[in-house]
Amino acid sequence: MASNDTTYRKVDNMKLIARTALTTLVAGATVLLLTPAAFAVDEEAAKQLARQNNCFKCHSVSKDKDGPAYHKVAEKMKGKADAEETLIHHITSGEKAKFPDGHEEDHKIVKTDPPHDMAQIKNLVQWILAQ
Ligand code: HEC
């Protein structure tokens, strides 16, 4: 009797493991399928918006200027669930930015045409995160 109990429990465990594995697999496949469509970055549009806003005066992709290199920002944000949200806030809120010489001033607020176009702002942030 006792051995039967153990057998049942084992079968139950196997089922649970199989179900968990399947769920993980399906979730993973869904992410893979959705990711390219959801994050198709328009690189030219992103750079153009950055140029129009003089972002490159203080930032470059690979070298630190007054502001950190976008590559460094992307590295820092890697794997963070709130990366996009954090950077959107950073370039839309005018929060304080610390310069290398120690002084602080309000960070530039990105301007779009039409104003406050979230799609353009998101595209720029996604491009930065891809550097
Ligand atoms: C006058 C110089 C200047 C301009 C112009 C400027 N930035 Fe920055 N930016 C900075 C500085 C300085 C920091 C560092 C802020 C800090 O660490 O406190 C920074 C930080 C950032 C970060 C990193 C934020 C983080 O949380 O790590 C991003 C992304 C960024 N800027 C994007 C932009 C974009 C996009 C533009 C154009 C719309 C822009 N910046 C224009 C100076 C500038």
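This is a selection-by-selection tour of a predicted model, for use with the structure open in a viewer.

**Whole chain**

Start with the protein chain coloured by secondary structure. It contains 6 helices and 2 strands, and their order along the sequence is α-α-α-α-α-β-β-α. Of its 131 residues, 12% count as buried.

**The nonpolar core**

Next, select Ala46, Ala50, Leu124, Val125 and Ile128. These belong to the largest nonpolar core, which has 13 residues, and they touch the most other members. Now show the helices α2 (43-52), α4 (70-77) and α6 (118-129), each of which supplies at least two residues of the core. The largest share, 5 residues, comes from α6. As a general background, nonpolar side chains in soluble globular proteins tend to be buried together.

Centre the view on Ala46, in helix α2. Is Ala46 buried or exposed? Ala46 counts as buried because it has 22 C-beta neighbours inside 10 Å, and the cut-off for buried is 20 or more. Leaving out residues up to four places away in sequence, Ala46 touches Val41, Asn123, Leu124 and Trp127. For a distance check, pick the C-alpha atoms of Ala46 and Val125: they are 8.1 Å apart in space, while the two residues are 79 apart in sequence.

Then move to Ala50. With residues up to four places away in sequence again left out, Ala50 touches Cys55, Phe56 and Leu124.

**The α2 and α6 packing**

Hide everything except α2 and α6. Two packed helices are described by the angle between their axes and the distance between the axes. Here the angle is about 100° and the axes are 9 Å apart. The two helices, α2 and α6, are therefore roughly perpendicular to each other, since angles of 65 to 115 degrees fall in that class.

To see the contact itself, select Glu43, Ala45, Ala46, Leu49 and Ala50 on α2, together with Gln120, Asn123, Leu124 and Trp127 on α6. By class, this contact has 6 nonpolar, 2 polar and 1 charged residues.

**The ligand shell**

Bring the ligand back and display the 23 residues around it; Cys55, Cys58, Gly67, Ala97 and Lys98 come nearest. The elements that give two or more residues to this shell are α3 (55-58), α5 (83-92), β1 (96-98) and α6. Which of the elements gives the most to the shell around the ligand? That is α5, with 4 residues. Coloured by class, the shell divides into 12 nonpolar, 7 polar and 4 charged residues.

**Backbone details in the loops**

The last stops concern backbone geometry. Most residues other than glycine have a negative phi, and most peptide bonds are trans.

Go to the loop between α2 and α3 and select Asn54. Asn54 is not a glycine, yet its phi is positive, at about 60°. Asn54 is exposed because 10 other C-beta atoms lie within 10 Å, and 12 or fewer is the limit for that class.

Finish in the loop between β2 (104-106) and α6, where Pro114 is found. The peptide bond joining Asp113 and Pro114 is cis, with omega about 0°. His116 is in the loop between β2 and α6 as well. His116 has a positive phi of about 55° although it is not a glycine. With 10 C-beta neighbours inside 10 Å, His116 counts as exposed.

Terms used. Residues are numbered from 1 along each chain as its sequence is written. This is a predicted model: local features need pLDDT of at least 70, side-chain atom pairs count only at pLDDT 80 or more; totals for chains, interfaces and linings use all residues. A nonpolar core is a set of buried Ala, Val, Leu, Ile, Met, Phe, Trp, Tyr and Cys residues joined through C-beta atoms within 7 Å. Two residues are in contact if their C-beta atoms, placed from the backbone, lie within 7 Å. A residue is near a molecule or strand if its C-beta atom, placed from the backbone, lies within 6 Å of it. Ala, Val, Leu, Ile, Met, Phe, Trp, Tyr, Cys and Pro count as nonpolar, Asp, Glu, Lys and Arg as charged, and the others, Gly among them, as polar. Axes are lines fitted to C-alpha atoms, for helices over the stretch in contact, and angles run from 0 to 180 degrees between N-to-C directions. Angles under 35 degrees count as roughly parallel, over 145 as roughly antiparallel, 65 to 115 as roughly perpendicular and the rest as oblique.
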